[in-house]
Amino acid sequence: MSTEIKVPFTRPSINEEEEKAVLEVIRSGWLTTGKVTLAFEKEFSDFMNSGLKEKNVMSLAVNSNTSGMILAMHACGVKPGTAVITTPYTFVSTAACAKHLGADVIFCDIEKDSYNIDPDKIQKILEENEKSRKYNIKAIVPVHIAGTLCNMKRILELAKKYNLRVIEDAAHSFPSLTESGYAGTLGDCGVFSFYATKPLTTGEGGMVCTKDPELLRTMQIMRLHGMDRTTWDRYTSPKASWQYDIVAPGYKFNLPDILSAIGRVQLKKTEEFYQKRKHICDIYNREFSKIDFVEIPPDTEGNAWHLYLLRLKLDKLKINRDDFSKQLQENGIGVSMHFIPLFHFSYWQSLDSSFTKDNYPNAEDHFIRTITLPLWPDMSDEMAYETIEAVKKIGKENYAG
Ligand SMILES: *Cc1c(COP(=O)(O)O)cnc(C)c1O
């Protein structure tokens, strides 16, 4: 049976403005990283700094969140013989980046009532490690799932006490403004994703933010082959373009101007996109809080409302999450699941026999009852109500009381 999708799960909000900006770059004769990317970085920093008293955030454009995380971890000293602490309830790249650098990953369960890493459990890991000296832990890597902020106050306190770096995976939290500034500027480094489904998109892309000039310099060099000069600088400075030194075995992680052009236009629409997503979430929250077989998502200071994660109360239903999800799709509602915890993947299981769902009960509990509903800026109210009606209908037909 083929069902027509009436409410797509997500759609990018891109129009003639982005098209025009890309065309300008294509016609300019300079396609790779150059002045448009420099302007994008500057504008991104200005945006991040608008939430701060000290305007000291600096940004580095990269070709994905994944490559940005590798740069940030590298700059923070993550390497063979070290370890990072992160959550199993994330997209796999968060943990894989530490592996790419030869480091170990210590997984820490999420909080019972949020999607995010539990500071009490981080503390327990750090206290135990202080006795056993098993790992040389370098960094805590919190992920602000769905746009909800991790308990950064506690995480930063722990990092200070144990002399650790904090690298925020801010792929979901743009824009997430808190009392201390935007998420992604609260730790040593914060990394955003501009992947097609993210709150700001360039198709593929990302941005690393830091307030530390030394970290920035290392990441800048590692972003482009370990060169001490950028390509733009080499072709525009009076110094001959072939002169450069290689100071490290670097990567190729730069963001081309064609994509930065899209990003600059998208950045201007941040508040509009945020308000539109929030509007849809307000409708969802209002209607779903009237239903007894679902739980509305937790909210936090500065929630970016990137994803709407609906939790089923399985004891009130005769069907499980997979069947509920399938029936939503059969009703024309595009759904997804964030995330399959990493202990369900064979590679990550193969590294550690204790990496099982029983040892991460909160991540597992969240996983087995969560469905991600359609949410995107240009989604109509009618589509939100259509989704709500489908949830109500399926719940009613499969109600266990
Ligand atoms: C999308 C995502 C990433 C990866 O982003 P890319 O830009 O595709 O590399 C990392 N972490 C989380 C939590 C994500 O959702």
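Tutor: A helix here is a DSSP run of H or I with at least four residues, and the runs are numbered from the N terminus. The model is predicted. Phe339 lies in the loop between helix H11 (321–330) and H12.

Student: What makes the bond between His338 and Phe339 worth noting?

Tutor: The peptide bond joining His338 and Phe339 is cis, with omega about -15°. Another cis peptide bond joins Phe174 and Pro175, and its omega is about -5°. Pro175 is placed in the loop between strand S5 (165–169) and strand S6 (177–178).

Student: Which value marks out Arg133?

Tutor: Phi of Arg133 is near 55°, a positive value in a residue other than glycine. Arg133 sits in the loop between H5 and strand S4 (137–141).

Student: Turning to the ligand, which residues around it come nearest?

Tutor: There are 16 residues around the ligand, and the nearest are Thr66, Asp169, His172, Ser193 and Lys198. To count as near, a residue needs a heavy atom within 4 Å.

Student: What distances apply to Ser193 and Lys198?

Tutor: For Ser193, a polar side-chain atom is 2.7 Å from a ligand oxygen. For Lys198, an N or O atom of the side chain is 3.0 Å from an oxygen atom of the ligand. Against the limit of 3.5 Å, both pairs therefore qualify as polar contacts. The ligand on its own has 390 Å² of accessible area, and the protein covers 92% of that.

Student: Which pocket does the ligand take up, and which elements supply two or more residues to its shell?

Tutor: The ligand takes up the space of the second largest pocket. Helix H3 (65–75) and helix H4 (93–100) each give two or more residues to the shell.

Student: How do the shell residues divide by type?

Tutor: Five are nonpolar, nine polar and two charged.

Student: What do you know about the largest pocket, starting with its space?

Tutor: The largest pocket holds about 710 Å³ of space. Its lining has 22 residues; Ile106, Phe107, Ile125, Asp352 and Tyr360 lie nearest its centre. Strand S3 (104–107), helix H5 (119–132) and helix H12 (346–351) each supply at least two lining residues. H5 gives the largest share, six residues. By type, the lining of this pocket has 10 nonpolar, four polar and eight charged residues.

Student: What makes a space a cavity rather than a pocket, and how many cavities of 30 Å³ or more does a search find?

Tutor: In a cavity a 1.4 Å probe fits but cannot get out, whereas a pocket is open. The search of the whole structure finds three cavities of 30 Å³ or more. The largest cavity, at about 120 Å³, has a volume over that cut-off. Of the 16 residues lining the largest cavity, Arg11, Thr197, Lys198, Pro199 and Pro377 are closest to its centre. Its lining divides into seven nonpolar, six polar and three charged residues.

Definitions and conventions: Residues numbered from 1 in each chain as written. Predicted model: local features only at pLDDT ≥ 70, side-chain atom pairs only at ≥ 80, totals over all residues. Heavy atoms only, no water. Polar contact = N/O pair within 3.5 Å; in protein donor to acceptor, adjacent residues only side chain to side chain. Areas by Shrake-Rupley, 256 points an atom, 1.4 Å probe, with all protein chains shown as cover. 1 Å grid on protein atoms, 1.4 Å probe; cavity = no way out; pocket = protein on both sides within 12 Å on 5 of 7 lines; lining within 4 Å. Sits in = over half its atoms within 2 Å of the grid points. Nonpolar A, V, L, I, M, F, W, Y, C, P; charged D, E, K, R; others polar. Points joined across faces, edges and corners; volume = space filled by probe spheres on them.
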